Amino acid sequence: MSEETVQIFINDKEVTAPKGAMVIEVTDQLDVDVPRFCYHKKLSVAANCRMCMVEVENAPKPLPACATPVMEGMKVYTKSPLALDAQQGTMEFLLINHPLDCPVCDQGGECELQDIAMGYGNSVSRYTERKRVVPDKELGPLVSTDMTRCIHCTRCVRFGTEIAGISELGATGRGEFMEIGTYVEKSLSSELSGNVIDVCPVGALNAKPSRMSARAWEMVQSASVMPHDSVGSNVYLHTLRNQVMRVVPRENDEINETWISDRDRFSYEGLNASDRATQVMLKTDQGWQATDWDTSLTHVADKLKQYQVNDIGVLAAPHSTLEELYLLQKVFRQLGVNNIDHRTQQLDFIDQNAMPLFPYLGQTIKSIEENNSVFLVGSNIRLEQPMLAHRIRKANAIGCEVVSLNSQEFDFHFARHYTWNLAPQQWLQALAEIAKCADSIDKLPAELRNIVDAVNISTDAQQIYDLLNNSQQSSVMLGAIAQSHPQASALRALSDFIAQVTNSNFGMLAQSGNTVGAWLSGVLPHRFSAGEINPNAGLNASEMIATSRRAYVLFNLEPEFDFANSPQALEAMQTADFVVVFTPFNNEQIQQYADVILPIATFAETDGTFVNTVGHWQSIGKAVSAPGEARPAWKVLRVLANKLGFGDVQYQTSEQIRDELKQLFTDEIDFTSHLKDFSHVNLKSDVNKMHRVSETPIYAVDNIVRRASSLQIAVADQESHVAMSTEQAKQLDLLNEQVVRVVQGKREVTLPLRIVESMSDNCVWVQRSAAQKDTLGEAIAPVEVQRTANA
Amino acid sequence: MNEVSSKKSVLSDHLQDEIEDWISRYPIDQKQSAVLGALRALQHEEGYLPVEKMDAIAEYLEMPAIAVYEVASFYSMFELKPVGKHTISVCTNLSCMLRGADEIVEHLKNKLDIDLGESTPDGKFYLKQEEECLAACCGAPMMQVDHVYKENLTVEKVDAILKELDHKN
Ligand code: SF4
Ligand code: FES
Ligand code: FES
């Protein structure tokens with residue numbers, strides 16, 4: 001027998017258990033039922049509900065299985081009279097104050113209290129005194145409360161402290177007067193807050209958007225994957241009458257454990273938005289007219305054939321399915337079009353040939369937890385990738401140092417964290433300083449070596465280098481802000497170099513649910529499917545909109561929101577001759593620039609595949625049918641291909657499309673996150689000019705999330721503004737201004753001014769609210785900030 | 001302009017000194033231990049614990065605000081709402097009850113015309129709900145007036161005490 005295990009007996013059956021494990025972990029492994037309320041395998045042990053009582057031989061009293069460590073030779077009885085008696089006693093006490101309002105409770109039918117009361121409770125209560133009533137709390141638009149149902153297990157409190165990293169819920173008062181709440185009325189602010197709904201064993205905390213809209217047993221559950229970030233969290237969509245009613249996590253320890261972000265949990269409301277496209281629409285001389293698929297696709301095919309292939313631009317959103325992305329590029333490549341791209345949030349593409357097969361995290365999601373240090377370059381990771389931030393937080397909790405290079409201190413939930421605050425135009429220099437600490441910089445091309453030679457190593461740089469270099473396991477991660485930087489190529493190269501010389505893992509945080517899928521399937525101007533080089537590289541997303549094309553195909557994108565330079569994208573669409581829009585939504589804004597609106601299904605309404613940031617292919621089936629005339633886009637593309645005269649595009653199922661792509665990978669898929677070389681980098685910058693920096697707001701990442709009404713209400717008070725430090729405001733003589741004018745090239749906008757002390761010099765943060773389009777242009781660019789005219 | 005400034009400034013200098021003093025008694029990485037002392041000092045100054053000052057204490061001690069609220073609401077010695085100037089709490093636990101505490105409470109309620117847990121409209125008296133034995137059973141029935149124990153109470157004695165307090169004002 002190894003040192004690490006002990007032999008114990010559960011109900012007279014001998015089992016081997018890891019030393020230090022709690023009895024309940026062993027019984028759970030064996031599928032032996034022990035009732036519990038406060039115990040949760042991902043949370044600390046509180047042992048406060050006393051429901052898990054078991055008999056242990058030679059112990060005078062029953063013991064809580066969740067807090068009793070196994071010991072050699074221990075004999076545990078889970079169903080002995082002593083154990084059952086204790087369990088029943090606890091149950092009776094728990095029900096004393098419980099309202100037993102199951103008929104009007106959303107938890108009814110999936111309630112741990114209900115289940116266990118059925119198994120262990122009495123059918124008639126001996127309690128005739130008055131029950132306690134607890135006022136409900138207002139926790140914001142996502143979580144509803146019925147606090148009289150609360151049994152004080154404190155799972156929600158522990159979730160906040162241990163997992164979300166923000167303590168917002170607590171137990172106030174004492175004894176009979178104890179209540180779970182926030183004490184002062186406030187909305188939960190964590191991006192993971194919805195998980196308290198799942199951890200709550202009773203109906204005290206429930207999902208507000210779906211409150212009282214369906215009973216648990218009426219709904220049908222479909223396994224799915226969420227497309228809003230590059231993690232691809234596993235979920236179940238719960239549907240009723242062809243509508244997604246709610247979303248709950250599907251456990252997968254490799255990906256999302258038992259959690260999901262609020263974005264993934266509540267985005268489904270966008271599927272039921274009032275502007276869903278239900279009809280095929282054609283713009284005619286008499287205005288917009290509904291038509292049928294055949295007419296419209298014949299029209300589209302005829303029109304497209306009239307343009308030079310180079311006059312056509314094809315732009316697709318990376319939260320579309322892999323099959324849609326693959327087929328889209330296949331059809332348009334067959335037509336001869338090379339202007340195909342999904343990288344709409346990017347400004348610098350100069351190193352695209354050096355990119356690996358796909359932007360890879362460089363390690364598994366789980367192994368993030370093993371890092372001793374993590375260096376984040378240009379990332380507000382909590383909002384970009386909530387589940388990856390959670391893994392870093394877990395590492396952080398056991399000692400991992402987190403440092404970041406950002407324009408300000410973001411509201412991270414890491415216990416130990418240091419931000420090197422610099423204006424974005426100085427990030428290149430900063431990384432060069434860190435690179436200079438290396439023994440040799442020979443690996444860098446001459447251009448970069450010159451920059452590295454010219455800088456002096458600051459203490460910050462030396463410390464970051466030492467930290468990464470001395471850590472047993474360390475990672476450098478490139479975030480969304482860095483990737484939308486005008487010098488993204490240079491930042492990528494230096495970050496990769498730093499990772500290599502410090503023996504760290506290098507990872508790029510892919511933006512969306514199928515960013516990786518878009519790379520693999522070839523929705524790129526310079527590469528075909530499976531990474532094959534396209535010798536006649538077309539225009540990238542940014543060039544396509546900067547040099548207006550005559551015709552555009554927009555796939556699942558809204559130009560006014562989804563581009564690093566959105567106003568320019570919108571202009572390009574408005575001035576184009578012919579714009580075909582594949583979209584689940586139809587509204588006035590779209591009708592302004594579209595010529596044909598092809599209503600397509602969302603991820604929940606089609607079969608499809610998503611490839612996450614670690615290259616994991618996850619195929620899902622459709623949960624509901626698309627509304628009205630809307631069809632899965634792969635079927636629409638199949639018909640369009642035939643109309644264009646490509647008779648060989650004949651798929652019966654989406655799996656056939658996926659398998660065709662899979663077969664193109666003749667070699668093993670190359671799992672590397674490293675650039676092939678560092679020779680193409682963009683070094684042009686206006687270091688001395690003040691810059692603006694921005695990010696895509698957490699609930700504005702794609703067309704579905706932007707329509708998720710409860711999420712939008714949750715961030716409704718986060719208004720657009722511009723932020724700078726007091727020092728900066730003084731320098732610009734704006735300290736007493738309420739609103740200021742931000743001028744970027746030929747565009748400008750007037751915004752409220754906020755002082756944020758951690759903002760670094762020489763830059764301002766332009767925050768737009770989720771509902772607001774960006775009207776300034778590039779996400780990172782030189783700006784001037786001035787007083788408003790009449791000030 | 002919306003300045004996001006430190007909350008500390010809402011605490012008086014004296015209070016900040018007190019908190020510093022409490023902090024200095026504990027290991028540097030266990031600032032939170034000072035929370036009871038800090039809340040006590042705050043209550044002494046304000047008569048109760050206003051939320052914004054609890055928030056300031058939370059920031060001072062680098063702990064979540066909710067953790068401060070939990071402590072504040074756990075101990076019945078802390079007042080969470082403004083109360084009358086003089087706090088009267090009559091012990092109604094076993095010994096005192098047997099020796100006539102209920103009568104004393106009834107008398108106080110009538111005389112001040114308020115219920116337990118209420119303050120007089122003029123803000124002079126606060127009749128606190130006492131939860132536990134105050135450990136002066138040998139002088140039962142007893143009550144605590146501000147921080148002073150008054151024992152072997154009779155209705156007359158209570159009247160005299162009230163009168164004296166009234167004059168003090
Ligand atoms: S609200 Fe739910 S999770 Fe929180 S303590 Fe009460 S029963 Fe437990
Ligand atoms: S589950 Fe063991 S005490 Fe609650
Ligand atoms: S019972 Fe009143 S002081 Fe002990």
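Predicted model: local features only at pLDDT ≥ 70, side-chain atom pairs only at ≥ 80, totals over all residues.
Helices (H or I, at least four residues) and strands (E, at least two) are DSSP runs, numbered from the N terminus. Residues are numbered from 1 along each chain as its sequence is written, and chains are lettered from A and ligands numbered from 1 in the order in which they are written.

Is A:Pro584 buried or exposed? A:Pro584 is buried, because 26 other C-beta atoms lie within 10 Å; a residue counts as buried at 20 or more such atoms, as exposed at 12 or fewer, and as partly exposed in between, with C-beta atoms placed from the backbone. Beyond its neighbours within four places in sequence, A:Pro584 has contacts that include A:Arg276, A:Ala277, A:Ile600 and A:Asn703, where a contact means C-beta atoms, placed from the backbone, within 7 Å. The C-alpha atom of A:Pro584 is also 9.2 Å from that of A:Pro627, 43 residues apart along the chain.

Now look at an open sheet in chain A, where 5 strands follow the order 2-1-5-3-4 with mixed pairing; two strands pair if DSSP finds at least two bridges between them. Strand 2 (13-18) and strand 4 (63-64) of chain A each have a single partner strand, so one side of each is left without a neighbour in the sheet. Further in, strand 3 (residues 53-56) and strand 5 (residues 75-77) of chain A run antiparallel, joined by 2 bridges. Here A:Glu55 stands opposite A:Tyr77.

Next comes ligand 1, surrounded by 14 residues, the closest being A:Cys150, A:Cys153, A:Cys156, A:Cys200 and A:Ala204; a residue is near the ligand if its C-beta atom, placed from the backbone, lies within 6 Å of it.

Chain B has 7 helices and 5 strands, in the pattern β-α-α-α-α-β-α-α-β-β-β-α along the sequence. Its C-alpha atoms fill a box of roughly 55 × 35 × 25 Å, taken along the principal axes. Of the 169 residues of chain B, 31% count as buried.

Finally, where do the two chains meet? On one side are 18 residues of chain A, in contact with 12 residues of chain B. Strand 7 (170-172) and strand 30 (747-755) of chain A are the elements giving two or more residues to chain A's side.

Note on methods. Contact = placed C-beta atoms within 7 Å.
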